[in-house]
Amino acid sequence: MNLPANIVEEPGDKNTRRAFLAATGVAGLAYTVFMAYPIYRYLASPEEMAMEATAVTEVTLKDANKLPAGSVLMFKFGSSPAMLIHHLDGRWISMTAVCTHLGCTVQYETQADRIHCACHGGVYNAYTGANVSGPPPKPLKLFKVAVNETGVEVSRG
């Protein structure tokens with residue numbers, strides 16, 4: 001290699017440059033993984049991840065059939081919170097109570113007849129679980145509801 005007279009190449013210079021480039025590449029890869037993880041967590045709904053982790057497919061809620069119209073019963077479906085809503089028109093609806101945005105527990109607001117997430121202002125339809133406004137990217141999962149004399153059976157639909 002032809003170098004100017006005042007620059008002398010030391011034998012270890014090439015190894016130092018290679019080590020620097022390798023370290024830069026490793027740091028760049030780590031940065032990419034570090035930045036990609038939050039995007040993955042946003043797209044992979046916490047509600048879906050919680051439902052996949054549990055093996056429970058059905059819950060029987062004794063005496064839930066006595067729940068007055070216009071009220072809600074919060075319960076555990078496996079390891080995740082869920083809700084059973086007895087609407088004023090007599091319909092029974094059950095769905096997950098985990099916001100699809102960041103996994104906060106949602107609440108049924110009787111006066112507004114909506115499901116609300118206080119963490120970031122997400123709103124869901126109380127009949128369909130559809131995300132109506134705010135940051136939630138997906139609707140809440142609905143469950144099948146069967147009302148009988150002894151209680152209410154809630155199962156995955």
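**View 1. Strand β1 beside strand β10.** Strand β1 (residues 58-62) and β10 run antiparallel and are joined by 5 bridges. Strands, like helices, are DSSP runs numbered from the N terminus; a strand (E) has at least two residues and a helix (H or I) at least four. Two strands pair if DSSP finds at least two bridges between them. Across from Thr60 stands Glu153 in β10. The model is predicted: local features need pLDDT of at least 70 and side-chain atom pairs count only at pLDDT 80 or more, while totals for chains, interfaces and linings use all residues. Residues are numbered from 1 along each chain as its sequence is written, and side-chain values use heavy atoms, with hydrogens and water left out.

**View 2. The hairpin of β9 and β10.** Strand β10 (residues 151-156) pairs with β9 in the antiparallel sense, over 5 bridges. The two strands, β9 and β10, form a hairpin, and 3 residues lie between them. Val152 in β10 is the bridge partner of Val147. Phe143 has Arg156 in β10 as its bridge partner.

**View 3. Strand β4 with β9 and with β3.** Strand β4 (residues 92-96) runs antiparallel to strand β9 (residues 142-147), with 2 bridges joining them. Met95 has Leu142 in β9 as its bridge partner. Strand β3 (residues 80-86) is also antiparallel to β4, and 5 bridges join this pair. Here Met95 in β4 is the bridge partner of Met83.

**View 4. The open sheet of 6 strands.** The strands follow the order β1-β10-β9-β4-β3-β2, with antiparallel pairing. At the edges are β1 and β2 (71-77), each of which pairs on one side only. From one strand to the next, the twist averages 25 degrees. For such angles, axes are lines fitted to C-alpha atoms (for helices, over the stretch in contact), and the angles run from 0 to 180 degrees between N-to-C directions.

**View 5. The open sheet of 4 strands.** This sheet has the order β5-β6-β7-β8, and the pairing is antiparallel. Its edge strands, β5 (107-109) and β8 (131-133), each pair on one side only. Neighbouring strands are turned against each other by 40 degrees on average, direction ignored. Between β5 and strand β6 (residues 114-117) there are 3 bridges, in the antiparallel sense. Opposite Gln107 stands His116 in β6.

View 6. Gly121 is placed in the loop between β6 and β7 (122-125). Gly121 has a relative accessible area of 32% and is therefore partly exposed; partly exposed lies between buried (under 20% relative accessible area) and exposed (over 50%), computed with a 1.4 Å probe on protein chains only. Leaving aside neighbours within four places in sequence, Gly121 is in contact with His116, Ser133 and Gly134. Contact means heavy atoms within 4.5 Å. Gly134 is 13 residues from Gly121 along the chain, and the C-alpha atoms of these two glycines are separated by 5.8 Å.
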